[in-house]
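Please keep the structure in view while reading.

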Amino acid sequence: MRILKSDIMDKIIVLDFGSQYSHLICRRIREFSVYSELVPYNISLEELKKMNPTGIVFSGGPASVYNKDSPQPTNGIFEIGLPVLGICYGHQLIVNKFGGKVRRSHKEYGSSLLSIDNNSDLLAGMGQSTRAWMSHGDAAESLPEGFKVIGHTENSFAAAIANKQKMVYGIQFHPEVVHTENGVQVLKNFVLDICKAKQDWTLENFIESTVSDISKIDGDVLCGISGGVDSTVAAVLIQKAIGNRLKCVFVDNGLLRMNEEVEVENMFENNFGMNFTAINAKERFLTRLKGITDPEQKRMIVGEEFVKVFTEFAEKNGPFKWLGQGTLYPDVIESGVSKGPAAVIKTHHNVGGLPSWLNLQVLEPLRFLYKDEVRKVGKILGVPDKLLNRHPFPGPGLAVRIMGEVTPEKLQIAKQASKIVESELESSGWYHKVWQAYAAVGDDRAVGVVGDERKYGHVVLVRIVDSIDAMTADWTRLPSEILERISNRITNEVEDVAWVSYVISSKPPATIEPQ
Ligand code: XMP
């Protein structure tokens, strides 16, 4: 269900040509309260017009405009009469489309000095020069008629161009990344001054219009609660609209963090007054995982079992018409430009695969929001900070943090050791500075000395990472005293652990979870 009434708001449509920064353009624009959506670059003219945009941005992308299969926007896009801003590849597309020349040039990666030749209009308020982030191998060689250079760098004579009359602009640099000084000013100049967009995107408005839309649906809604931010905020929003016609289920699969099941149940029972059922399915999951060592098979089993438990609940408590889900915006978009094999490295599990006879329509109230916006919505709706700011946790839970077979012994080690990692980060003020932090465990054993005896115990892997969006991650340079305390506590307090190891692989080539 498309819930957001974006047709009544001013909006900037970003055409995604495959840049890693495409989403960032939308996020930056939303930060100054103008709604922005990312769409595939090949959206048809008809669909685009239906969205009723206030302005259009072409994102960057990895292609070269002179290659014969290079992604192109729909014909007629410049004839709609809307302002267009091309960024990097988008800039080159504009040069090419209007009859200029683009060629392979000096590669320019990283920060360059952008000299401003005309600081009115798109580059207003940018002074004489500024640092701008470049990431390109092609550049404009000659400009089309009607375009003027408004900024240049040492290697790009036309790093910023404008055709004021047609309201078409191109910039070789990336204003959306933090490395471009004042990049947001360029986006503001385009969106607010050139497109004249109204700043009417607020999360209070979002809540009001979403609740009003959901309140019009008929039938009951079934919602799976994981204890994480997304499903919780989605459920609270739906409940605000339809009250007890929403039924929430929380499945305790025995693979959760220490005490998490109790915390989630308490929170739902004490806070939101929801129709909430917790199902203890520990035995079922752990029995099915017995003897299974293959990571993908473990993920599959957890997914399948979840669907079974969920379906049984739906059969007994239905009929339901809707399935509520906490899907976020970055998961919704398919750019149409191949993103390579990254998406299939691991099968992520959510509530897909429900039997079709349940006949549920999907209700995804957060499908137009980014994670930081979801947190803000949660805050406005009174979701406790502890839940809003807790680190992400994978759907298959500890099954992916336990290497080899999931056994009660290894589960206990992973839970206790992770709790120590979390509590040490909390007490030293590091918990909210890092993206994720946990301890994993496998079958490997190392030698330790207990009293005067040599004893073999498990090796625990502590993983703490910094990340913006989990697409890439780096290991956290934690002060060694904190690491030392974590290690001492784990070997002293957790039964049967001899060694603690700190994982210093970044993503890529590693991933955040071990399996
Ligand atoms: P990786 O390990 O792929 O993880 O670098 C990236 C982010 O995704 C989380 N993750 C999952 N989340 N279901 C989820 O809901 C899953 O199957 C799953 N696997 C990984 C992981 O915790 C990290 O934040």
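A residue counts as buried under 20% relative accessible area, as exposed over 50%, and as partly exposed in between, with a 1.4 Å probe and protein chains only. The model is predicted, and local features need pLDDT of at least 70, side-chain atom pairs count only at pLDDT 80 or more, and totals for chains, interfaces and linings use all residues. Residues are numbered from 1 along each chain as its sequence is written, and side-chain values use heavy atoms, with hydrogens and water left out. Helices (H or I, at least four residues) and strands (E, at least two) are DSSP runs numbered from the N terminus.

**Backbone geometry**

- Most residues other than glycine have a negative phi, and most peptide bonds are trans.
- Asn259, in the loop between β11 (246–252) and α7 (260–271), has a positive phi of about 65° although it is not a glycine, and its relative accessibility of 46% makes it partly exposed.
- Ser33, which lies in the loop between α1 (22–31) and β2 (35–40), likewise has a positive phi, near 70°, and is partly exposed at a relative accessible area of 23%.
- Gly318 and Pro319 are joined by a cis peptide bond with omega at about 0°, and Pro319 belongs to the loop between α9 and β13 (322–324).
- A cis peptide bond also runs from Pro508 to Pro509, with omega near 10°, and Pro509 is in the segment after β18 (497–502).

**Helix packing**

- Two packed helices are described by the angle between their axes and the distance between the axes; here axes are lines fitted to C-alpha atoms, for helices over the stretch in contact, and angles run from 0 to 180 degrees between N-to-C directions.
- Helix α8 (residues 282–289) packs on helix α9 (residues 295–317) at about 150°, with the axes 10 Å apart, and the two are therefore roughly antiparallel (angles under 35 degrees count as roughly parallel, over 145 as roughly antiparallel, 65 to 115 as roughly perpendicular and the rest as oblique).
- α8 passes α9 in a right-handed crossing, a term used if the near helix is turned clockwise from the far one by less than a right angle, whereas anticlockwise is left-handed.
- On the α8 side, Arg284, Phe285, Arg288 and Leu289 meet residues of α9 including Ile301, Val302, Phe306 and Val309, where contact means heavy atoms within 4.5 Å.
- Helix α6 (residues 229–242) and helix α11 (residues 371–380) have axes that come within 10 Å and cross at roughly 50°, and they are therefore oblique to each other, with α6 passing α11 in a left-handed crossing.
- Val229, Asp230 and Val233 of α6 make this contact with Lys371, Val374, Arg375, Val377 and Gly378 of α11.

**Nonpolar cores**

- A nonpolar core is a set of buried Ala, Val, Leu, Ile, Met, Phe, Trp, Tyr and Cys residues joined through side-chain atoms within 4.5 Å.
- The largest such core has 125 residues, and Leu122 and Ile490 have the most contacts inside it, while α6 gives the most to this core, with nine residues.
- Ile490 touches Ala417, Ile420, Val421, Val460, Val462, Val497 and Val500, when residues up to four places away in sequence are not counted.
- Another core, of 25 residues, lies apart from it and has among its members Ile43, Val95, Ala140 and Ile161.
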